[in-house]
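Trainee: Could you take me through this one? I'd like to know what stands behind the labels.

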Amino acid sequence: MASLFLATSVPKFSQPSALVIRNPWSSRVFVPIRHIQAGSKQEESGACDKAAEAAKKGANVAKEVGQDVKNQAASVAENATQKTKDAAGKVSETAQDITEKGKQTVQDAWGSVKDTTQKIKDTVAGKAEESKDSLKEGANKLKRDINA
């Protein structure tokens, strides 16, 4: 994990230079500072100012990196949310399709049961009518035979 160190006392510098290095694949920021012996108080003050400026630049770069990471995390979270919503929509559509198919199957089965029941009713009623007629005929024949 990257960290910054702020020194309250800075050694003497004659020509400080700072280079801020940022790896695009990492959130770490490197601020190497070259230390060179300074010769006078004015050079020391300038060196301290330059060192402080380099530290500020490093902090700003770290802040930018943090913002980039935050934006990337927000983008990833948004994509995950959208994919979850899409998947939920597809599951809902699939469930509705399955429900409709099940409903249609039940309706078809009910229609088939009704048709079969009607055929049985017609057949049984027809045979009962035939039996009734046959019984009447047999009874009439028996009466004629007895009367004759």
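**Labels and their cut-offs**

Mentor: Start with the surface: the protein chain exposes about 12600 Å² of accessible area, and carbon and sulfur atoms hold 56% of that. Accessible areas come from the Shrake-Rupley method with a 1.4 Å probe. This is a predicted model, where local features need pLDDT of at least 70, side-chain atom pairs count only at pLDDT 80 or more, and totals for chains, interfaces and linings use all residues. Residues are numbered from 1 along each chain as its sequence is written, and side-chain values use heavy atoms, leaving out hydrogens and water.

Trainee: What is the average pLDDT of the protein chain?

Mentor: The average is 77, and 70% of the residues score at least 70. pLDDT is the predictor's confidence in each residue, from 0 to 100. Over residues 1-16 the pLDDT is below 50. Where pLDDT is low, the predicted coordinates should not be read in detail.

Trainee: Where is confidence highest?

Mentor: In helix H1, residues 41-147, at a mean of 86. Helices are DSSP runs (H or I, at least four residues), and strands are runs of E (at least two).

Trainee: Why is threonine 105 called exposed?

Mentor: Its relative accessible area is 52%, and exposed means over 50% (buried is under 20%, partly exposed in between; 1.4 Å probe, protein chains only). So threonine 105 counts as exposed.

Trainee: Which element holds threonine 105?

Mentor: Helix H1 does. A polar atom of the threonine 105 side chain lies 2.8 Å from the backbone oxygen of lysine 101.

Definitions and conventions. Contact means heavy atoms within 4.5 Å. A polar contact is a pair of N or O atoms within 3.5 Å; within protein, one must be able to donate a hydrogen and the other to accept it, and residues adjacent in sequence count only if both atoms are side-chain atoms.
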